[in-house]
Amino acid sequence: MVWRILDSPTNLTLHQVLYVGPDHVYACGKNGILLRYQRQGWQVLPQDEHDTDFRSLAWFDDRLYVTTGQELLVLDGDGRLNGVTGAGDLGLVDLSVKGRYMWGSGPNVVAFAVSGQAT
């Protein structure tokens, strides 16, 4: 394995990096910073309406999910994050995906979705 250093377009703390494929790598962190890496390098996906920390990322049903600890958000085709209906009060701070399940956890809660349907 060979590690390479890549310039970042931010000096904010990043909490997680998620590799989806060679042209789809995402990173999230402090003050609502969301980055996408493509072969040309990192770019900021501006999220002006979100200034809280982004805590965790998951790729599920061909979509990027982001959690803040207060909201569960999903990235739309225009590069904007939108709230996931019914998930705003779960308090999820960590996301993970295994097969057709997306799991989320937070203080005193564990939740999951199956194939994109909340359960």
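This is a predicted model: local features need pLDDT of at least 70, side-chain atom pairs count only at pLDDT 80 or more; totals for chains, interfaces and linings use all residues.
Residues are numbered from 1 along each chain as its sequence is written, and side-chain values use heavy atoms, with hydrogens and water left out.

**Exercise 1. Follow the chain from strand E1 to strand E4 and describe how the strands pair.**

Step 1. Strands are DSSP runs of E with at least two residues, numbered from the N terminus. Two of them pair if DSSP finds at least two bridges between them.

Step 2. Start with E1 (14-21). Six bridges connect E1 to strand E2 (residues 24-29) in the antiparallel sense, and the two form a hairpin with two residues between them. Within this pairing, tyrosine 19 stands opposite valine 25.

Step 3. Move on to E3 (residues 34-38). E2 and E3 run antiparallel and are joined by four bridges, with cysteine 28 opposite leucine 34. Their hairpin has four residues between the strands, and asparagine 31 there takes a positive phi near 55°.

Step 4. Finish with E4 (residues 41-44), which pairs with E3 over four bridges, again antiparallel. Arginine 36 has glutamine 43 as its bridge partner, and two residues lie between the strands of this hairpin.

Step 5. Buried means under 20% relative accessible area, exposed over 50%, and partly exposed in between (1.4 Å probe, protein chains only). Four of the five residues of E3 are buried, so this strand is largely enclosed by the rest of the structure.

**Exercise 2. In what order do the four strands of the open sheet lie?**

Step 1. The order is E5-E6-E7-E8, with antiparallel pairing.

Step 2. Strand E5 (56-60) and strand E8 (81-83) are the edge strands, each pairing on one side only.

Step 3. Neighbouring strands are turned by 30° against each other on average, direction ignored. For such angles, axes are lines fitted to C-alpha atoms (for helices over the stretch in contact), and angles run from 0 to 180 degrees between N-to-C directions.

Step 4. Inside the sheet, three bridges join E6 (residues 63-67) to E7 (residues 72-75).

**Exercise 3. Is threonine 67 buried or exposed, and which residues does it touch?**

Step 1. Threonine 67 belongs to strand E6, and its bridge partner in E7 is leucine 72.

Step 2. Threonine 67 has a relative accessible area of 0%, so it is buried.

Step 3. Contact means heavy atoms within 4.5 Å. Not counting residues up to four places away in sequence, threonine 67 touches Asp53, Phe54, Arg55, Ser56, Leu72, Leu92, Val93, Asp94 and Leu95.

**Exercise 4. Which residues do ring pairs link into a cluster?**

Step 1. Rings of Phe, Tyr and Trp (its six-membered ring) pair if their centres lie within 6.5 Å; planes under 30 degrees apart count as stacked, over 60 as edge-to-face and the rest as tilted. The structure holds six aromatic pairs.

Step 2. The cluster consists of Tyr101, Trp103 and Phe112, linked by ring pairs.

Step 3. Phenylalanine 112 is in strand E11 (residues 109-114) and, at 29% relative accessibility, counts as partly exposed.
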